[in-house]
Amino acid sequence: MIALRLAEIAAVVDGEVVGDADVVVDGPVVIDGREATAGSLFAAFVGEHVDGHEHAEQAGQRGAVAVLGSRPTGLPTVVVDDPRLALQRLAAHVVEQVRAAGGLTVVGITGSQGKTSTKDLLGAVLAQAAPTVATRGSFNNELGMPLTALRVETGTRYLVLELGARGRGHIAELAALVRPDVSLVLNVGQAHLGEFGSREAIAEAKGELVEALDADGTAVLNADDERVAAMAARTRGRVVTFGAQQAADVRVEELALDRLGRPSFALVTARSRVPVTLQLVGAHQALNAAAAAAAAVAAGLGVEEVGAALGQVASLSQWRMELSELPSGVTVLNDSYNANPESMRAALDALASIGADPAVRRTVAVLGEMRELGATSHDEHRGVGSHAAERGVDVVVVVGEAARGIHDGAGERGLLLADNAAATAWLAEHLTEGDAVLFKASRGARLDEVAASLQ
C-alpha cells in the first residue's frame, strides 16, 4: 500500500486514533495476523467464532505497525464503528491517490463462470507490460476486493479486480469504490441461480459493472451471450465485443486442441490476425483468452504483444484446470475449486479431448455437488451426468448423495460413492497407468483433498 500516517488513515475512514498517530503504514493490509509483514495494517473483525482484535499481538510480532478495528488494541489503532466500511473507504482513497499520481487503469471482471481464469490471464498479460496488481484466487467479495485494491503502490499501472455478487447492488457497491476504466462481463450462467432466482436477475446484477463506467470507459462484452451483449445499452462507455461470432471485435478462429486438450487458435481483430497457443487445458480457455485480450487492448496494449503474452501463461489459480502427469502414469486434471453446470461441461469436454489420445487407456471423472442451484439442482446435476456419458467418459465417479443426479444422468457409466474417503479408496484400488482423471465440484465438496491423495 502507499505510505500513510495513521492520522491520515483515520481522517479517510472517519475514525479515532488510539496511540501514536504518526505511525506510518507502508506495508500490506491484512485480515489474518499470520500474514502481516513489516509496515502492515491489521484489519480486525469480530466474527461469530473469532475476534480479530485478540490477534493484534500476533500481527504485531510479524511486523504490523497498526490496527484498524472497532476497539483499541495493544498496537496503535484506528477505531471505527464499522471496520468493513472503513476498509472500503480506505481502498477507494488509495486507488484514487494512485490514479491521480500515475495514470492507474482499473479493470473490473465479472461473470457466472470463468472470472478467475480470465483474471489470471489478463493479470499475467498486463504484468508483462507494466506493474500490475490482480485479485489473488477468487478474493472477490466486499472484503477481498478492497484488500486487493489496497495492494496498489505509487508505480502500479494496472489494477485487475474480480467482482462477485450474491445479490443485486453488490457489484454496483464494489465498482463505485474503484471506478473501473474497463468493465469485462464474461457470461450469464446458472451459478448462484438459487440465490438470484433467474438468469434475468443474474444479468441485471452483472450489468451493474458496465453501468459504473464513465463516458471514457470501455465495456468489454461477450458477443456469444445474448444477455451480456444486451448490456451495451446499459453503459455510457464505448463497447468492445469478444467471442467466436464473426461480428465480434476480438474473436477466436481456427480453434484446435493438442493431445492434452490445450488450445491453439487465431486471435482476430479488424486489423490483426495473431496465432496463439495456450499452455492451459480446455477449449473454453480460448474464449477466456479472447476476453482477456479484448480487455488488454482496451487498456492500451497491442494485439500482437497480447497474443505473445497469452502463450506464456503456464498456470492459473490453484485447483483450476491444473494438469499433471504422475509418475504412476496417471494424468490428473484438477479443476476442483468450484463448479456450476457450464463449467462442469467445459471440464468434461477437456477430459474427453485428453481421452482422444490413443495413449490414454481410460477417462475417469470424479464429480461432486454443484451448490446454489435452487429448484433446478437435480435436473442440472442429471444434465451433467448425461453430458459425461455423451462425451464418452468411461467412468463417472459421483461423490455424495447431494450429487446423485449426476449418477442418474450418467447411466451405466456412473458409480455413486458415499463420501471423499470412499472416493479416495476407490481411486487407490482402480486407477492404473494410462488413466486420465478429472476432479470437479463446488468448493464445499473439497475434492481437492481427494485429488491430493494421488500425489
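I began with a rule: two strands pair if DSSP finds at least two bridges between them. Strands (E, at least two residues) and helices (H or I, at least four) are DSSP runs, numbered from the N terminus. The model is predicted, with pLDDT of at least 70 needed for local features and 80 or more for side-chain atom pairs, while totals for chains, interfaces and linings use all residues. Residues are numbered from 1 along each chain as its sequence is written, and side-chain values use heavy atoms, with hydrogens and water left out.

**Entry 1: the sheet of 6 strands**

I looked up the strand order and found β17-β18-β22-β19-β20-β21, an open sheet with mixed pairing. Which strands stand at the edges? They are β17 (322–325) and β21 (414–417); each has a single partner strand, so one side of each is left without a neighbour in the sheet. I noted that neighbouring strands here are turned by 15 degrees against each other on average, direction ignored. For such angles, axes are lines fitted to C-alpha atoms (for helices, over the stretch in contact), and the values run from 0 to 180 degrees between N-to-C directions.

β18 (331–334) runs parallel to β22 (435–440), with 4 bridges between them. Valine 332 has valine 437 of β22 as its bridge partner. I then found helix α13 (341–355) packed on the sheet, touching β17, β18, β19 (362–367) and β22. Contact means heavy atoms within 4.5 Å. The direction of α13 makes about 170 degrees with that of β22.

**Entry 2: the sheet of 5 strands**

I read the order here as β2-β7-β6-β5-β4, again an open sheet with mixed pairing. Its edge strands, β2 (16–18) and β4, each pair on one side only. β2 pairs with β7 (77–79) in the antiparallel sense over 3 bridges, and valine 17 stands opposite valine 78 of β7.

Two helices lie on this sheet. I found α1 across β2, β5 (41–43), β6 (66–69) and β7, at about 15 degrees to β7. Helix α3 lies across β4, β5 and β6, at about 120 degrees to β6.

**Entry 3: helix pairs**

Two packed helices are described by the angle between their axes and the distance between the axes. I looked at α1 (6–13) with α3 first: the axes come within 9 Å and cross at roughly 110 degrees. That makes α1 roughly perpendicular to α3. The angle classes are roughly parallel under 35 degrees, roughly antiparallel over 145, roughly perpendicular from 65 to 115, and oblique for the rest. On the α1 side I listed Ile9, Val12 and Val13, and on the α3 side Ala86, Arg89, Leu90 and His93. By class, this contact has 5 nonpolar, 1 polar and 1 charged residue. Ala, Val, Leu, Ile, Met, Phe, Trp, Tyr, Cys and Pro count as nonpolar, Asp, Glu, Lys and Arg as charged, and the others, Gly among them, as polar.

For α3 (83–102) with α6 (170–178), the axes come within 7 Å and cross at roughly 40 degrees. That makes α3 oblique to α6. In α3, the residues Arg84, Gln88, Ala92, Val95 and Arg99 meet Glu173, Leu174, Leu177 and Val178 of α6. I noted 5 nonpolar, 1 polar and 3 charged residues in this contact.

**Entry 4: a pocket**

I looked up the second largest pocket, which holds about 350 Å³ of space. A pocket is an open set of points on a 1 Å grid over the protein atoms alone, where a 1.4 Å probe fits, with protein on both sides within 12 Å along at least five of seven lines; lining residues have an atom within 4 Å of a point. The volume is the space filled by probe spheres set on the points, which are joined across faces, edges and corners.

By class, I noted 7 nonpolar, 2 polar and 5 charged lining residues.
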